[in-house]
Every structure is written in C-alpha cells, then in structure tokens.
Amino acid sequence: TSTRDIMGELILKSDYKGCNPVPPSSEVNHNAAASSLVQHLQSLVTCPVCLGTIRAVPVLCCPSGHVTCSDCRAQLSSCPVCRAAYPRLELVSHIAAGIIDQIPHPCKFKSYGCAQSLLLPTLPPHEARCSYRLLKCPNILCSRSISLAGLYRHMIANGCASMHQLKVTASVSSVFMTGRVKDLEEFQYKVPLVFSYEGNMFLITKKKTGNMVQFSASILGSPEQGRQFTVSILVFSERKPSNMVEYKGFANCIDGPLWCSLSVHKDHMLELMDKVDENEFQQSLKYHYKVKISRNT
C-alpha cells in the first residue's frame, strides 16, 4: 500500500471534533440573499428624515409613494425625497404597512451599540432591558442622558460618582463610608458611591425627600439581575453605636422603581449623626454607613 493510500485512510478515519463543517455553497448563498432581502425591506420603511425604521401604522406617504414617520411628517409640507407637495387628504402606503409587521426592526439604541433586530412584538420588552438603553445620570447635578453601557465610565470620568473597593472576607463583602454635610438638605448633592461585585456594578445613592433621608442600592443592569443579590445598608452613630438603623433587600434596577430602600425620618437621622466642629463658628454633621452585599443562593 502506498504512503498516499495510508494517509488517505487515516484522514478519512480521523475525528476532527474541533472543526466546523463547511456549509454547502447553496446554503451560504441562501443566507446572504435572505439578509440582503431583509435589509432592502428595512430600507423601504426607513424614514428619510430621522433615518429611523417606521414601526407604527398608518404609514404616511407622498403621491409617489415615499414614506415618512408620523413625527417627521407633522413638520413637513412637502416630500423630503421628491419635493412634491403633500395633498390636503393624507395618503397612506398599505404596502409599507404590510412590510412593517413582517420584518425585524433594529433596536432604537442601535446608534449606541446594540446590534439586535427583532420583530415588533418582542422589540419593546428588549428595549426596556437593553444594555445600551439611555438613562439619566444618577448625580443630581448632572443633566446628561447616557447609554447604560457607558454610564460607569461617564460617572468616573466626570466626577458624578465615587469609586470604592469592597472589603472581601470569607463570609461577607462590604464597604464602610463616612461623610459630612452642613445640614440634611445637602444629602441630595452628595455624589453616589459605586463599586464592583462579581462582575456587576452597583450604585449607592443618598437623598432627602420631604421629611425622609433615603439610602438605596441599585445595579447597573436589569431588575432580574438585581434580584440575584441582597444588599444591606447600616447607618449608625460612631459616638453612640447603639443608635443605628439597617435594611436588607434586593438591589434595585438603576432606572426602575425603587422597591427597596432605607428611609429615615429627618429627626431620627439627626440622632444618627455626630456633630463635628469645623471651626470656632461652624459645625457639620458626620454620618457613617456600611454596605454589605451577597449573591442569593
């Protein structure tokens, strides 16, 4: 038997578990054609003004059939494509309306990095939990809206939050914090605390709402992710250790309802704070709190 025959037999009998089978050329061409068709259909229902994919019906159009979204159409008197004046009686495209329900639509946060394209019924739930969704910076002094994916970088780079490291022991992970305020109103202007735990970022915020001072913990993620962790916040007086309040609960979603928080009445909060002489004429209030976190089992 020749060397060529032996090698040929060995190759045929070898088990290439690490190799992916090469799809037939017809399958590759079919997938490319399908993708090209979807892109073409998406372009037919893309508003030429805002460049967003039209999602709602009826789809308004000009006499030549060029479509626009309803928001942009309200600001136009003529077609942005062919410049034909819009008639007094609004025209709609039934073809475009039929396309909308049958094709995947890109997530509205596509420009911020999301690559998902989904059918309309599944798009709103995705966008509500999208990792690239926009939310307001949690620092009360910052008015910017930031993509969730870039929120941590924004807060650290612009001084909108204070980064701290957890102290990790065999039984618990925690961080101890102190701060000073001139009065209770100043609480809401204190920068949030941010820390990392098991690959997730968490935020501790403090604010005064009415007669209550509120401490809360949130995850930079979804409500489902937040329910995987238990956070406790202990506020106490250093001079009178018996004066303390504590709460334990799930981590809230950064832009969702505040289900779990520690709310302390302003009169009680004053008992938890220590007066400190800044100088001969001025005093400040010093507060202490400890945050502990663990993953639910």
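Let's start with two phenylalanines: F187 and F215 are both buried. Keep in mind as you look that this is a predicted model. The rings of F187 and F215 make an aromatic pair, with 6.1 Å from centre to centre and 75° between the planes, which counts as edge-to-face. Where do F187 and F215 sit along the chain? F187 is in the loop between β10 (173–181) and β11 (193–197), while F215 belongs to strand β13 (residues 212–219), so this pair ties together parts that are 28 residues apart in sequence.

Now look for another pair of rings. Y197 and F229 are also arranged edge-to-face, with centres 5.9 Å apart and planes at 75°. Y197 is in strand β11 and F229 is in strand β14 (residues 229–236), so you are looking at a link between distant parts of the chain, 32 residues apart. Are these two buried or exposed? Y197 has a relative accessibility of 13%, and because buried means under 20%, Y197 counts as buried. F229 is buried as well, with a relative accessible area of 1%. If you searched the whole structure for aromatic pairs, you would find 8 of them.

A ring can also meet a charge. Find R73 and follow its side chain: the charged end sits over the ring of Y86, 3.5 Å from the ring's centre.

Time to step back for the overall picture. The protein has 8 helices and 19 strands. It is made of 297 residues, and 37% of them count as buried. Take the contacts in the protein with a separation of 6 or more: residues 24 or more positions apart account for 53% of those.

With that in mind, let's follow some strands. Begin with an open sheet of 3 strands, which come in the order β2-β1-β3 with antiparallel pairing. β2 (67–68) and β3 (91–92) stand at the edges and have a single partner strand each, so one side of each has no neighbour in the sheet. Strand β1 (residues 60–61) pairs with β2 in the antiparallel sense over 2 bridges. To see this pairing for yourself, find L60, which stands opposite T68 in β2.

Next, head along to strand β9 (residues 167–168), which is joined to β10 by 2 bridges, with the two strands running antiparallel. Here, V168 stands opposite S173 in β10. How many residues does the hairpin between β9 and β10 run through? The hairpin joins β9 to β10 through 4 residues. β10 has another partner too: 9 bridges join β10 to strand β19 (residues 283–295), again in an antiparallel arrangement. One of the spots to look at is F176, whose bridge partner in β19 is K290. While you have strands in view, here's a handy general point: in a regular strand, side chains alternate between the two faces of the sheet.

Q42 is found in helix α2 (residues 25–44). Q42 is buried, with a relative accessible area of 14%. What does its side chain reach? The side chain of Q42 reaches the backbone oxygen of P104, at 2.7 Å. Leaving aside residues up to four places away in sequence, Q42 touches I103, P104, H105, P106 and S117.

S43 is in helix α2 too. At 43% relative accessibility, S43 counts as partly exposed. Compare its position with that of T53: S43 and T53 are 10 residues apart in sequence, and their C-alpha atoms are 7.8 Å apart in space.

Finally, a word on the cysteines. How many disulfides are there? The count comes to 0. Take C114, which is in no disulfide: the nearest cysteine sulfur is that of C130, 3.8 Å away. C114 counts as buried, at 7% relative accessibility. C253 is buried as well, with a relative accessible area of 9%.

Note on methods:
Residues numbered from 1 in each chain as written. Predicted model: local features only at pLDDT ≥ 70, side-chain atom pairs only at ≥ 80, totals over all residues. Heavy atoms only, no water. Buried < 20%, exposed > 50% of the residue type's maximum accessible area, 1.4 Å probe, protein only. Polar contact = N/O pair within 3.5 Å; in protein donor to acceptor, adjacent residues only side chain to side chain. Contact = heavy atoms within 4.5 Å. Disulfide = S-S within 2.5 Å. Pairing = 2+ DSSP bridges. Phe/Tyr/Trp six-rings, centres within 6.5 Å; stacked < 30°, edge-to-face > 60°. Lys NZ or Arg CZ within 6 Å of the ring centre and 35° of its normal.
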